[in-house]
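Please look over the sequence and the model shown here before reading on. The paragraphs below go through one part after another.

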Amino acid sequence: MPDRDKSRVDLDGVPETLLWNLYQRATEARRPDAVLRDPKAVELVDSLDYPFADRFGAGSFGQWQALRALRFDQEVRRFLTEHPGGQVVALGEGLETQFWRVDDGRVRWLTVDLPETVELRTRLFPDDPPRRRTLAGSALDDEWTAQVEPAEGLLLSAQGLLMYFQPDEVHRLIAGCAERFPGATMVFDGVPPWFSRRTLSGRMTNAQGYQAPPMPWAVDAAEKARLRALPNIAEVRDLRPPRGRGPLYGAVFPVLNRLRPVRELGVTGLPIMTARFAAST
Ligand SMILES: C[S@@+](CC[C@H](N)C(=O)[O-])C[C@H]1O[C@@H](n2cnc3c(N)ncnc32)[C@H](O)[C@@H]1O
């Protein structure tokens, strides 16, 4: 019998989008040939009292979403190899289960998300080990920055978050982090301009009638140039989605993804980038 109190989900607007991501990851993870092992995501989808299939259909973006998550995992793993015991700050983490995929037994993990999402996350994951902490608040406020411990290295991640902000909010957030945390890295993704426009005009609706919330921040070459020009940014680099399974994800997309203009269209995977902050002088 599912515990109704524990499995209750009351989210709408941007916080509800975390359920789309979770559902796609879990759908992929159920496959024997999954590109991402994520038993915790499967466990969550099976336990939550939420009409996943009625809202999001069959989960046909499973591999798409899983490859995106895998790219973020690769960056976190690389960081942890270079910075044993470093801190990962996951902004807008929702019900991402990345900690359980990448935990090396030493990483210190800080989740920052809105209060309604944190209420759900902490209800589902009540036994925070001391290395894993969860903070309720907006990534756009300063409070969370006081909890950051960059001494052993710091990786900030913002998967599926920045597109919901206004461009000036994204610029302030990245520039603020670059100023506060010299030498740290931030990995994040975005949507291309055509995608952003569709969400803004309310035309990003699936067959079940679920409408994606507006995503005002879009990434293209001009926007990346603006990010590079922010103070204390040493480098902004594109990350290619990993090779997946089948003719599209395994053969066609990896070839197309070698071409920057094609990557920027966002059809073969949403743009994922990393920003390295300048070291202090
Ligand atoms: C699309 S979900 C992404 C969740 C997760 N990162 C993933 O990739 O599965 C967007 C997340 O951003 C969070 N969010 C929205 N606005 C936020 C803000 N101002 N500060 C922190 N988190 C926010 C939502 O609560 C939700 O968890």
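Is P261 buried or exposed? P261 is exposed, because its relative accessible area is 58%, where exposed means over 50%, buried under 20% and partly exposed in between, computed with a 1.4 Å probe and protein chains only. Since this is a predicted model, local features need a pLDDT of at least 70 and side-chain atom pairs count only at pLDDT 80 or more, whereas totals for chains, interfaces and linings use all residues. Residues are numbered from 1 along each chain as its sequence is written, and side-chain values use heavy atoms, with hydrogens and water left out.

P261 belongs to helix α12, residues 260-265; helices (H or I, at least four residues) and strands (E, at least two) are DSSP runs numbered from the N terminus.

Helix α10 covers residues 221-228 and contains K224. The side chain of K224 is joined to that of D238 by a polar contact of 2.9 Å, and with the side chain of E264 it makes another polar contact, of 2.7 Å. A polar contact is a pair of N or O atoms within 3.5 Å; within protein, one must be able to donate a hydrogen and the other to accept it, and residues adjacent in sequence count only if both atoms are side-chain atoms. N232 lies in the loop between α10 and β6, the latter being residues 233-239. The phi angle of N232 is near 70°, a positive value in a residue other than glycine, and N232 counts as partly exposed because its relative accessible area is 38%.

The next topic is the ligand. It is surrounded by 21 residues, of which the closest are G92, D113, T117, A139 and Q159, a residue being counted when one of its heavy atoms lies within 4 Å. Helix α2, residues 13-29, supplies the largest share of this shell, with six residues. Sorted by class, the shell holds eight nonpolar, nine polar and four charged residues; here Ala, Val, Leu, Ile, Met, Phe, Trp, Tyr, Cys and Pro count as nonpolar, Asp, Glu, Lys and Arg as charged, and the others, Gly among them, as polar. An oxygen atom of the ligand lies 3.1 Å from a polar side-chain atom of N21, and a ligand oxygen is 3.4 Å from a polar backbone atom of G94. On the nitrogen side, a polar backbone atom of Q159 is 2.7 Å from a nitrogen atom of the ligand. Taken alone, the ligand exposes 590 Å², and the protein buries 96% of that; accessible areas come from the Shrake-Rupley method with a 1.4 Å probe, and for residues only the protein chains shown count as cover.

Charged pairs can be followed next. A salt bridge is a side-chain nitrogen of Lys or Arg within 4 Å of a carboxyl oxygen of Asp or Glu, and by this rule the count comes to 27. One of them joins the side chains of E75 and R71, at 3.0 Å from N to O. Both residues lie in helix α5 (residues 62-82), four residues apart, about one turn of the helix. E75 is buried because its relative accessible area is 7%, and R71 also counts as buried because its value is 12%.

Another salt bridge is formed by D103 and R131, whose closest N and O atoms are 3.0 Å apart. This pair links distant parts of the chain, 28 residues apart: D103 is in the loop between α6 (98-102) and β2 (108-113), and R131 is in the loop between α7 (115-124) and β3 (132-136). D103 counts as partly exposed because its relative accessibility is 32%, and R131 is partly exposed because its relative accessible area is 23%. Salt bridges that share partners also join R25, D38, D73, E96 and R101 into one network.

Finally, L248, V252, L256 and L259 form a nonpolar patch on the surface, with about 310 Å² of accessible area together. Patches are made of residues with over 30% relative accessible area and no salt bridge, like charges being joined within 9 Å and nonpolar side chains (Val, Leu, Ile, Met, Phe, Trp, Tyr) within 5 Å. L248 lies in helix α11, residues 246-256, and counts as partly exposed because its relative accessibility is 43%.
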